[in-house]
Amino acid sequence: MSHLGLLPISLVLLAMITIGVSYIIAVIRNDVSAAFPYISDTGSERPESCIFGQFLNIAAFLAFCTMYVRYKAVEAIAHGSEDDPKLCRLNKCATFFGMVAALGVSMVANFQEGTNVEIVHIIGAGLTFVPGVLYCLVQTALSYHMFPSYNGSYICRIRLALSVVSLLSLILTIVAAVFAIHEWNSKEHTPDKFKWAPDDPGYAAHIVSTSGEWVTAFTFLSFFFTYVQEFNKFELEIRTRPLVRHLDERVETRNRGEINERTKLLDPHI
C-alpha cells in the first residue's frame, strides 16, 4: 500500500463532514438548538441519527487503521525494541489508547443519546475523548523522543500545541458539564435537554461545556493531519504464505519453516 497519507486525510474529512451534516440537518429540523449543542445531540433523532451512526462507524474503522499504520511506521524506524526499548513502550502505549478511543467512537455511533441505553453512549463518549487525548499526549512524547534522530522539532511543537489545547478543552468540558447538570437538577423546570434556552438553569455552563467538546473533537481530529507527510514516506506490505499443500491438512510445527515476520500484522519487528 502506497499513498498512505490519504488514510488520515480520509479519516478527518469523513468525521468532520459527518458531524457537520448531522448538525445542519438537526438544526433545520429544529431537533437541537443552533447554539453549540453537544455533538451527540445532533445525531440523536432520525434521519440525522442514521447518517451520524453509519459514517461515524466508518470513521472509527479509519481511525483504527490510521493508528495501526502509525504504530508499524514507528516500529519500522526503530528497527525493533532491541534498538530503543523506550520508543517501543511509548509506541505500544499510544496505540493502546488509540484503539480504545476508536472503540469509543463506534460505541457513540451505535448507542445514541436519548435511547434506553444512553449510559452506554456516555461510556463510549468517555472512552473516545479521555483515551483520545491521552493518545495525542503520548504520541507527542514519542515524537520528542524521536527528535532529532527521526523527526524535526517543528512537528513536535505542532503536536504539543494540539495536545495541550485538546487536554485543556476536555477538562473545561467536564468541569462545565458538572456545573450545568448541577444547576439543571437544582431547580424545577421542564425544558428540552436538546434545546437549551438562555433562561434555562445552567445555560452558561452548558454552552461552555459544549463549546469545549467541539474544540476537543476538532483538535483531536486535526492531530491526525500531522501524519500525512510522514505516511507518504512509507509503504505497507502484507504477504500471505500457505503453511500446507492442501487445506484439509493439519498444520504441523515442523512444517512451518522460517516465519516471515511481514505476514504477522502485530509483530513489532520489520
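Phe 220 is buried in this predicted model, with a relative accessible area of 11% (buried: under 20%, 1.4 Å probe, protein chains only). Phe 224 is buried too, at 2%. The two rings form an edge-to-face aromatic pair, 5.4 Å centre to centre with 65° between the planes (ring centres within 6.5 Å; edge-to-face over 60 degrees, stacked under 30). Phe 220 and Phe 224 are 4 residues apart in helix H6, so about one helical turn separates them (helices are DSSP runs of H or I, at least four residues, numbered from the N terminus). Tyr 227 and Phe 231 form a stacked pair, at 5.3 Å and 10°. Tyr 227 is buried at 0% relative accessibility, and Phe 231 at 1%. The whole structure holds 10 aromatic pairs.

Residues are numbered from 1 along each chain. Local features need pLDDT of at least 70, and side-chain atom pairs count only at pLDDT 80 or more.

The search found 1 cavity of 30 Å³ or more (points on a 1 Å grid where a 1.4 Å probe fits but cannot get out; lining residues have an atom within 4 Å of a point). The lining comprises 24 residues, and Ile 19, Leu 56, Val 105, Thr 128 and Phe 129 lie nearest the centre. Helices H1, H2, H3, H4 and H6 each give two or more residues to this lining. H2 gives the most, with 6.

Definitions and conventions. Side-chain values use heavy atoms; hydrogens and water are left out. On a 1 Å grid over the protein atoms alone, a cavity is a set of points where a 1.4 Å probe fits but cannot get out, and a pocket is an open set with protein on both sides within 12 Å along at least five of seven lines; lining residues have an atom within 4 Å of a point. Grid points are joined across faces, edges and corners, and a volume is the space filled by probe spheres set on the points. Rings of Phe, Tyr and Trp (its six-membered ring) pair if their centres lie within 6.5 Å; planes under 30 degrees apart count as stacked, over 60 as edge-to-face and the rest as tilted. Buried means under 20% relative accessible area, exposed over 50%, partly exposed in between (1.4 Å probe, protein chains only).
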